[in-house]
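The following exercises concern a predicted model.

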Amino acid sequence: MYLFSTMISELSFGLITSIEIFLLTILFSMPLGLAVALGRMSKIRPIQWIMKAYISIMRGTPLMLQLIVIFFAPYYVFGIGLSSDYRMIAVILAFSINYAAYFAEIYRGGFESIPKGQTEAAQVLGYSKFQTFYMIRLPQMFKIVLPSITNELITLVKDTSLSFVIAIPEMFTVAKQIAAADSSIMALLVAGVFYYIFNIIVAWFMEYVEKRMDYY
Amino acid sequence: MSLFEMKNIKKSFDGKEVLKDISFSVEKGQVLAIIGPSGSGKSTILRIATGLETKDAGDILFDGTFGLVFQDFNLFPHHSVMKNITNAPVKVQKRDKKEVNNVAKDLLKKMGLEDKENNYPSQLSGGEKQRVSIARALAMNPDMLFFDEPTSALDPEITGEVLKVIQDLAKEHMTMVIVTHEMNFAKNVADHIIFMDDGYIVEEGTPEEVFGSDNQRMKEFLGKFQD
Ligand SMILES: Nc1ncnc2c1ncn2[C@@H]1O[C@H](COP(=O)(O)OP(=O)(O)O)[C@@H](O)[C@H]1O
Ligand SMILES: [Mg+2]
């Protein structure tokens, strides 16, 4: 029989790993998504096609499958032994490139909904292409896409649990182990509560950011 | 010598010719009004003059700086009124921030907007927005200004406040090309008027000449404003 306090402490360690996956994924996928969006909107056709294919594949195949492929690829393709450090790298890599595709499409939608007159006004005022991008279009795009970003982040919190397939000791993996050892569903319920609180905090934070951006 | 000159400009969109051999010139200090029915090519002339559109043929003789005032303002919504005006002079022209701030404050005062510098465009009325956009163009110290129907997006009762600002600029001998549907304004403020129809300059001259013209299309067009 598991002590409740032991269970909470083990789940909390798992939660820390989940948070780590969450934050690192944001850190890498949001800028990568911007690069993909720019490639997708590029006037250079081959770049456009590559990004289109990338986005299509990332969104059209299961994240869990991508995770497993990235984790096992070094072994099956190159015969490289899998170090335990690589587990975490594979997770961050898989989540980042997957979420980058979603963010790219969100950003693109945001950029496209900025009125053309904004770019024209900037052009007539002599702004360079680069200045127009980071002074005029980028800040406007971010405000437009904030609600969609919030949706993605809430999904990401829940998706971190997919890491169980390569045995990352994040909260869901831990909860399943405890439940099996304890023959009780308690750990899963507690994990559910933790995920829910995690997401309430994410939603609350994003609401705060949206309010801060509401000055115009 | 003219400050600005367009020579034999042609432009087609998707095989449809919308400017068919347009030539005109603007002297320094002159106010040119361009009038004509919707779709006759007035905006396209301004867009080619300001580099927003490419020309298919012809020449533009001008080596000065210009500003453009849009019908729908195109202020930057995420910048305060002050930043809308100062950002390009500071970031593009690399002028001194203090100097530009003073210029902007003077311009806002002139526009009757001295209390709005910290507002955002969404907090302004249409007439105020358009005056800010004129101030934004002027802060760049342009040699000439283009206006594309600066009052068409405004409620009729507030067009006056914008026209007054443009009239004041004319008194200061700002060189301006103004596309407008305000016939009285064109008559009173312009030194020279061009009447466009279907991609051609059909009539041009002083306000007296153009408004007294016998040209049939000109008369038909003016007839629509006679009430
Ligand atoms: N970017 C464009 N693509 C296709 N057609 C255009 C474009 N811009 C203008 N036109 C067409 O050119 C003609 C002249 O337009 P415009 O110069 O805007 O007229 P005006 O300002 O006198 O109303 C119109 O028939 C318009 O539909
Ligand atoms: Mg027009």
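**Exercise 1.** Determine in which helix of chain A Met141(A) is found, and whether Met141(A) counts as buried or exposed.

*Solution.* 
Step 1. Locate the residue: Met141(A) belongs to helix H6 of chain A, which covers residues 129–159.
Step 2. Apply the cut-off: a residue is buried if its relative accessible area is under 20%. Met141(A) has a relative accessibility of 0%, and therefore counts as buried.
Step 3. Identify the contacts, setting aside neighbours within four places in sequence: Met141(A) touches Leu34(A), Tyr107(A), Gly110(A), Phe111(A) and Ile114(A).
Step 4. Consider a distance: Ala167(A) is 26 residues from Met141(A) in sequence, and their C-alpha atoms are 38 Å apart.

**Exercise 2.** State whether Ala181(A) counts as buried or exposed.

*Solution.* 
Step 1. Locate the residue: Ala181(A) is part of helix H7 of chain A, residues 171–182.
Step 2. Apply the cut-off: exposed means over 50% relative accessible area. The value for Ala181(A) is 59%, so this residue counts as exposed.
Step 3. Consider a distance: between the C-alpha atoms of Ala181(A) and Leu82(A) there are 27 Å, with 99 residues separating the two along the chain.

**Exercise 3.** Describe chain A as a whole: how many helices and strands does the chain have, and what percentage of its residues is buried?

*Solution.* 
Step 1. Count the elements: chain A has eight helices and zero strands, which gives the pattern α-α-α-α-α-α-α-α along the sequence.
Step 2. Consider the dimensions: the C-alpha trace of chain A extends over about 75 × 45 × 25 Å along its principal axes.
Step 3. Consider burial and surface: of the 216 residues in chain A, 45% are buried. The chain exposes about 11500 Å², of which 70% is supplied by carbon and sulfur atoms.
Step 4. Consider the contacts: among those in chain A with a separation of 6 or more, 77% join residues 24 or more positions apart.

**Exercise 4.** Work out the strand order of the open sheet in chain B, and explain why S2 and S4 stand at the edges.

*Solution.* 
Step 1. Read the order: the three strands of chain B are arranged as S2-S1-S4, with antiparallel pairing. Strands S2 (16–26) and S4 (57–61) of chain B each have a single partner strand, so one side of each lacks a neighbour in the sheet. On average, neighbouring strands are turned by 20° against each other, direction ignored.
Step 2. Examine one pair: S1 of chain B, residues 4–13, pairs with S2(B) over eight bridges.

**Exercise 5.** Identify which element supplies the largest share of the shell around ligand 1.

*Solution.* 
Step 1. Examine the shell: its residues include Phe13(B), Asp14(B), Val18(B) and Thr44(B).
Step 2. Assign elements: S2 and H1 of chain B each contribute at least two residues. The largest share, three residues, comes from H1(B).
Step 3. Inspect the oxygen atoms of ligand 1: one is 3.0 Å from a side-chain N or O atom of Lys16(B). A backbone N or O atom of Gly41(B) is 3.0 Å from a ligand oxygen, and a polar side-chain atom of Lys42(B) is 2.8 Å from a ligand oxygen.
Step 4. Consider the area: ligand 1 taken alone exposes 560 Å², and the protein buries 63% of that.

How values were computed
Residues numbered from 1 in each chain as written. Chains lettered and ligands numbered in written order. Predicted model: local features only at pLDDT ≥ 70, side-chain atom pairs only at ≥ 80, totals over all residues. Heavy atoms only, no water. Pairing = 2+ DSSP bridges. Helix = DSSP H or I, 4+ residues; strand = E, 2+ residues; numbered from the N terminus. Axes fitted to C-alpha atoms, helices over the stretch in contact; angles between N-to-C directions. Buried < 20%, exposed > 50% of the residue type's maximum accessible area, 1.4 Å probe, protein only. Near = heavy atom within 4 Å. Polar contact = N/O pair within 3.5 Å; in protein donor to acceptor, adjacent residues only side chain to side chain. Areas by Shrake-Rupley, 256 points an atom, 1.4 Å probe, with all protein chains shown as cover. Contact = heavy atoms within 4.5 Å.
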